[in-house]
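Here are some notes to read alongside the structure. Please keep the model open while going through the points.

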Amino acid sequence: MEKTVKKCPVCGHKAPSWIIESLKGKGVIGFFESRSKEMKKIYSLSPSVQELIRTNPEYNAQEKHIAIVIENKGEICQSRDVIYDGSHLLIEYFLKHKEPYKVYHNIKKAELISLFKNPKITSIFVFAHGTRHGIKIDGQMSFYCELKGGAKKNYVAQMHCNPGGGMSSKEVGLTKKEFADNSTRTSLQNIKKIKEIIKLIDQGEIIL
Ligand SMILES: [Zn+2]
C-alpha cells in the first residue's frame, strides 16, 4: 500500500508519498531537463525569461488584473530554474495588449490564500511544483480546498505538475474555467500549452 505523508485538511485527499518526496528536490522537471536535447535548448531560455520578469514585473495592476504566481525561493533571477518558462509568453502578450497583470513570486502560503480571495484578481496562472490538488509554496503544500473563500476566478491555469489525483481548482469551485491535467509537466509542455491558451484568448474562448 502506498504510504501517504500529507493530506488536505478540508477534503482529506492524500497525496502519495513519492510526490511529496519529489517536491523536496528538483522534481520531475529537473529529471527531464537532464535527458533531452530539446529540453536543454529550452533550459537555455531561462535567463532571458528571468530578465523579462525582472524588468516587467507588472503592468497597470492597481485595480483588476491577472496574477502570474511563480514559486521561487529568494530573488527571481538568482537561480537558473525552468519552472517559470512560458510565463514570458504571457508577459509579452499582456504588454502587447495592455492587459493589466502582476507577477507574484517568493510568496508565503498566507499571500497565496489572499490572492485567491482578492476580488481584484480575475485569473491566475500558477508556475510551481505541485499535484493536481495543490501547489508547493514556500516549501509546503497549499491544497486547492484551502484557497476557497473568494468569488470564482474567470480562469486558473495549473502550470505545475498535476499527478496524484484529487480535485483541481475548478472542481473545488475556485474558478469558472481552468487548465489542469493529471500528470507531470515539463517546461516544454508548458510553453506549448501557453501558446494554445493565448490562441484561445484571441478567439474569445478564454476570458481572463
Ligand atoms: Zn482538498
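1. Two strands are said to pair if DSSP finds at least two bridges between them, and the strands themselves are DSSP runs (E, at least two residues), numbered from the N terminus. The model is predicted, so local features need pLDDT of at least 70, side-chain atom pairs count only at pLDDT 80 or more, and totals for chains, interfaces and linings use all residues. Residues are numbered from 1 along each chain as its sequence is written.

2. Three strands form an open sheet in the order β7-β8-β9, with antiparallel pairing. Because β7 and β9 stand at the edges, each with a single partner strand, one side of each is left without a neighbour in the sheet.

3. On one side of β8, two bridges join it to strand β7 (residues 130-131), where T131 stands opposite G134 of β8, and a hairpin connects β7 to β8 through two residues.

4. Strand β9 (residues 140-143) is joined to β8 by four bridges and runs antiparallel to it, with G134 standing opposite F143 in β9. These two strands also form a hairpin with two residues between them, and D138 in that turn has a positive phi of about 50°.

5. Side chains in a regular strand alternate between the two faces of the sheet. In strand β8 (residues 134-137) both faces are covered, as G134 and K136 on one side and I135 and I137 on the other are all buried (20 or more other C-beta atoms within 10 Å of the residue's own, with C-beta atoms placed from the backbone).

Definitions and conventions. A residue is buried if 20 or more other C-beta atoms lie within 10 Å of its own, exposed if 12 or fewer, and partly exposed in between; C-beta atoms are placed from the backbone.
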